[in-house]
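Reader: I'd like to learn how to read strand pairing, chain contacts and domain contacts in a model. Can we go through one together?

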Amino acid sequence: MPPAPGGVTPKLELRGVNLRYFSPAGETEALFDISLSIGPGEFVGIIGQSGCGKSTLLSLISGILKPTDGAVLVDGRPVTRPGRAVGYMLQQDFLFEWRTILENAILGAEIQKADIAAARERAAQLLAKYGLAAFLDHRPRELSGGMRQRVALARTLCTNPDVVLLDEPFSALDSQTRLALADEVYDILRRENKTVVLVTHDIAEAVSMSDRVIVLSRRPGRVKSEHPIRFSAPGGVRPAPFEARSAPEFNAYFNRLWRELEVHVEG
Amino acid sequence: MSKAEPAAPGEFSRPYRDYLKRERRSRLAVRGSQAGLLVVFLILWEVLPRAHIVNPLFTSYPSALIPTFIELLKEGPQQRSILAHTASTVFATVVGFTLAMALGTLIAAALWYWRMLYRILDPYLVVANAMPKTAFVPIFYIWLGATLSIYGMSLAISLFITILIIYNGFQEIDPNKIKLAQTFGASRAQIFSKVIFPGSFPTLFAALKVNVGLSLVGVVVGELQSASIGLGYLIQYGSQVFKLNIVMTAISILAIVSVVLYAMIYLLEAAVTRRR
């Protein structure tokens with residue numbers, strides 16, 4: 001295995017992972033020979049065309065799916081089932097309409113049979129930090145899309161995972177909200193020093209947020225190329241995603257990834 | 001020539017007031033028509049037999065039912081007031097749909113938990129639901145005796161459809177909500193208790209509404225065969241001695257009972273939905 005960037009022990013590792021789906025109609029090869037190594041605190045973007053197995057990859061890392069061959073390791077230990085170390089934020093918030101905002105945010109703690117009082121406290125703190133202090137006892141339907149997605153983030157972080165998986169977390173939002181929330185989420189995850197895997201089909205989103213972008217090929221998905229992303233930022237501080245979009249290096253990265261993706265419009 | 005003017009603060013604009021007026025008017029029109037239909041029905045029922053356009057012996061008429069009702073209040077067949085007969089039927093119905101809901105939910109949960117079980121039992125459930133359960137009335141009487149056969153019939157008529165409705169409701173829960181619970185490592189039992197069951201409240205009420213009507217049908221059918229008390233028994237007795245007034249009074253009370261039961265469920269649902 002190649003050592004993770006910086007030479008530290010990888011937080012997250014995939015070793016020769018294959019995944020095949022079986023159905024009566026036949027066998028589908030979804031992912032082929034994926035090997036990845038992601039260091040602690042690293043922010044990795046994964047892009048690829050729809051149907052290339054990006055989301056499947058996250059399900060594998062989280063332990064919801066088991067690889068047909070190969071292994072997924074977190075902190076050097078194989079992942080066999082979903083655990084506390086990995087938090088997974090889905091494409092939409094999927095808040096439960098029968099629960100209040102606070103009750104939604106502590107769902108993970110409830111399922112993991114954690115200390116509920118502590119979880120309520122932490123969830124309330126997180127929600128307050130995201131500007132939702134006044135909405136703890138509200139129902140999801142009373143919140144806007146951006147607010148709901150913040151609740152989903154609080155729900156993911158309430159169990160305090162080290163690794164956070166983001167599956168196109170902004171795709172259901174309008175474009176202004178998307179840009180603003182990307183900055184916010186980025187800031188929160190960086191500040192808490194989470195290891196993040198972001199799956200998206202939005203090249204600009206991946207470039208603006210990630211330390212490294214991995215391009216997956218069409219099905220069966222395999223690692224086509226890896227691209228470290230560096231911005232020459234004043235003071236060595238990486239610019240926030242929105243700022244990064246106007247950084248001088250941005251367009252070069254964008255164009256290179258665009259060519260890598262081989263986007264063809266059908267028809 | 002109306003000109004749109006900005007509404008004064010704290011006051012509805014004129015177009016909005018017009019809109020509200022139209023809304024209220026159409027609501028009143030619906031309610032008025034509903035009441036009107038009932039009144040027309042009662043008038044026809046009263047007038048046609050009295051004018052001997054239909055034979056009053058066969059249909060009776062509303063004003064004749066009131067004296068019958070008062071008479072039955074004091075003492076009806078089997079030395080019991082009609083209130084006791086009504087109470088017996090209502091009680092059996094409540095027992096019937098409560099049992100059907102509890103058992104139906106339990107069985108649907110088991111079918112959801114063990115998918116294999118559902119796959120095995122599916123055709124039998126569908127056939128059991130389609131069976132004319134009333135064919136079993138005489139057999140239930142032999143198997144279960146006079147009283148239990150009534151509960152049995154009520155349950156038989158309402159249980160299978162309840163299982164199918166609730167199970168289908170469980171199936172319709174967004175799979176992404178299940179996936180979300182799985183990301184936290186939820187077991188199948190936890191998925192049920194945190195996602196499937198609380199997410200199925202609308203379905204449970206839909207099942208309950210169907211259930212109440214069917215349980216009442218089951219009870220009355222059971223009573224027709226075997227009871228010595230209850231509105232079904234009154235109908236049976238009244239037709240045997242050719243006192244159509246008794247039959248029609250019992251049927252009218254049945255109509256009122258079903259309206260009341262339905263209204264209670266409606267209110268319960270509204271209360272639960274408000275709380276959630």
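Reader: Which residue is the bridge partner of R212(A) in β10(A)?

Author: Keep in mind that this is a predicted model. Pairing is read bridge by bridge, and in β10(A) the partner of R212(A) is P228(A). Taken as a whole, strand β9 (residues 212–216) of chain A pairs with β10(A) in the antiparallel sense, over 5 bridges.

Reader: And what joins β9(A) to β10(A)?

Author: A hairpin does, running through 6 residues.

Reader: Why does β10(A) lie largely in the open?

Author: For burial, count neighbours: a residue is buried if 20 or more other C-beta atoms lie within 10 Å of its own. In strand β10 (residues 223–228) of chain A, 0 of the 6 residues are buried, so the strand lies largely in the open.

Reader: On to the chains. How many residues does the contact take from chain A and from chain B?

Author: 17 from chain A and 17 from chain B. On the chain A side, helix α3 (residues 107–111) gives the most, with 4 residues. By class, that side has 9 nonpolar, 6 polar and 2 charged residues.

Reader: Which domains is chain B divided into?

Author: Domain 1 covers 14–57 and domain 2 covers 60–275. Their C-alpha centres lie 30 Å apart, and 7 residues of domain 1 are in contact with 5 residues of domain 2.

Reader: Which element gives the most to the domain 1 side of chain B that touches domain 2?

Author: α1(B), with 5 residues. The residues on that side of domain 1 divide into 5 nonpolar, no polar and 2 charged.

Conventions: Residues are numbered from 1 along each chain as its sequence is written. Chains are lettered from A and ligands numbered from 1 in the order in which they are written. This is a predicted model: local features need pLDDT of at least 70, side-chain atom pairs count only at pLDDT 80 or more; totals for chains, interfaces and linings use all residues. Domain bounds come from an automatic or database domain assignment. Two residues are in contact if their C-beta atoms, placed from the backbone, lie within 7 Å. Helices (H or I, at least four residues) and strands (E, at least two) are DSSP runs, numbered from the N terminus. Ala, Val, Leu, Ile, Met, Phe, Trp, Tyr, Cys and Pro count as nonpolar, Asp, Glu, Lys and Arg as charged, and the others, Gly among them, as polar. A residue is buried if 20 or more other C-beta atoms lie within 10 Å of its own, exposed if 12 or fewer, and partly exposed in between; C-beta atoms are placed from the backbone. Two strands pair if DSSP finds at least two bridges between them.
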